[in-house]
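I open my notebook on a new structure. I want to write down what I look up, one entry at a time.

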Amino acid sequence: MGVDFGVKTLAVLSSGIEFKGLKPYRNAGAKLARVQRKLAKKVKGSKNWEKFQRSVQKLHHRVANLRKDYLHKMTTYIAKNHSVVVIEDLNISGMMANHKLAASIGDLGLHEARRQLQYKCERYGTKLVIADRFFPSSQLCSNCGNKQAMPLSERVYNCKNCGTQIDRDWNASLNLERYSEHGSTRKPGSG
Ligand SMILES: [Zn+2]
């Protein structure tokens, strides 16, 4: 099974299952930002400041727990229910250089997801394959093997060769699944 980790959707599995990321977490995150803005306006050390300080800490804690729970549920599901799991060799530092992406990736905890997957796959006897970092999982057509440029803004893979139209992330996860079968970037049918 292939897993594509992304920015828009936390993880898309080649089986078609999606882990969208955590909505309660996003809501709590927005609330946290609001309370922090209010806190900044209070006189430091005042009763009011202390009150807001406490709610900030509580929210931080809640957000961290929600995220941890969600990631654990996701990685357990992936590791427990498949015999082979293929993920990308995430070039996280490269992605972090793109500031727009950095915020959402930091949010999603991709580092943590990957760390959990590694030890859980071991625990459940699942083989974890990390695809070569140059494997163009987003650029290949999962139907015909055609390769074309896929700017990040394009959410749908429209194959110029066979006409397949498929969600960008799902296409990538299908290519990753195939990677485990062929172990290379060979086109299907090319031997
Ligand atoms: Zn195609």
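**Entry 1: a polar contact.** I begin with asparagine 146 and glutamine 148, whose side chains are joined by a polar contact of 3.0 Å. I note that this is a predicted model. Next I ask where asparagine 146 is found. I find asparagine 146 in the loop between β5 (127-131) and β6 (156-158). Is asparagine 146 buried or exposed? Its relative accessibility is 16%, so I write down buried, because the cut-off for buried is under 20%.

I then list what asparagine 146 touches, leaving out residues up to four places away in sequence. Gln139, Leu140 and Cys141 are among them. Tyr157, Cys159, Lys160 and Asn161 are also on the list. Two of these names, Cys141 and Cys159, come back in my next entry, at the zinc ion.

**Entry 2: the zinc ion.** Which residues coordinate the zinc ion? I find Cys141, Cys144, Cys159 and Cys162, each through its SG atom, at 2.3 Å. Along the chain, these donors follow the spacing C-x2-C-x14-C-x2-C.

Why do I call the arrangement tetrahedral? I look up the angles that the four donor atoms subtend around the zinc ion, and they run from 108 to 114 degrees.

**Entry 3: two of the cysteines.** I look up cysteine 159 in the loop between β6 and β7 (165-167). Cysteine 159 is buried, with a relative accessible area of 6%. Cysteine 162 counts as partly exposed, at 34% relative accessibility. I set aside the neighbours of cysteine 159 within four places in sequence and check its contacts. They are Cys141, Cys144, Asn146, Gln148 and Thr164. So the list holds both residues of my opening polar contact, because Asn146 and Gln148 are on it.

**Entry 4: helix α2.** Helix α2 covers residues 47-80, which is 34 residues. At 1.5 Å a residue, I expect a span of 50 Å. Its end C-alpha atoms are 49 Å apart, which agrees. I then look up buried residues in α2 and find, among them, Trp49, Phe52, Val56, Leu59 and Val63. Tyr70, Leu71, Met74, Thr75, Ile78 and Ala79 are buried too.

**Entry 5: serine 83.** Serine 83 lies in the loop between α2 and β4 (84-88). With a relative accessible area of 58%, serine 83 is exposed. Which residues does serine 83 touch, beyond those up to four places away in sequence? I find Thr126 and Lys127. Serine 83 and lysine 127 are 44 residues apart along the chain, yet 6.2 Å separates their C-alpha atoms.

**Entry 6: the whole protein.** I count six helices and seven strands. From the N terminus on, the order is β-β-β-α-α-β-α-α-α-β-β-β-α. The protein has 191 residues, and 40% of them count as buried.

Methods:
Residues numbered from 1 in each chain as written. Predicted model: local features only at pLDDT ≥ 70, side-chain atom pairs only at ≥ 80, totals over all residues. Heavy atoms only, no water. Donors = N, O, S within 2.8 Å, 3.2 Å for Na, K, Ca; no water. Tetrahedral: all angles 85-135°; square planar, octahedral: opposite > 155°, others 65-115°. Buried < 20%, exposed > 50% of the residue type's maximum accessible area, 1.4 Å probe, protein only. Helix = DSSP H or I, 4+ residues; strand = E, 2+ residues; numbered from the N terminus. Polar contact = N/O pair within 3.5 Å; in protein donor to acceptor, adjacent residues only side chain to side chain. Contact = heavy atoms within 4.5 Å. Expected span 1.5 Å × (residues − 1).
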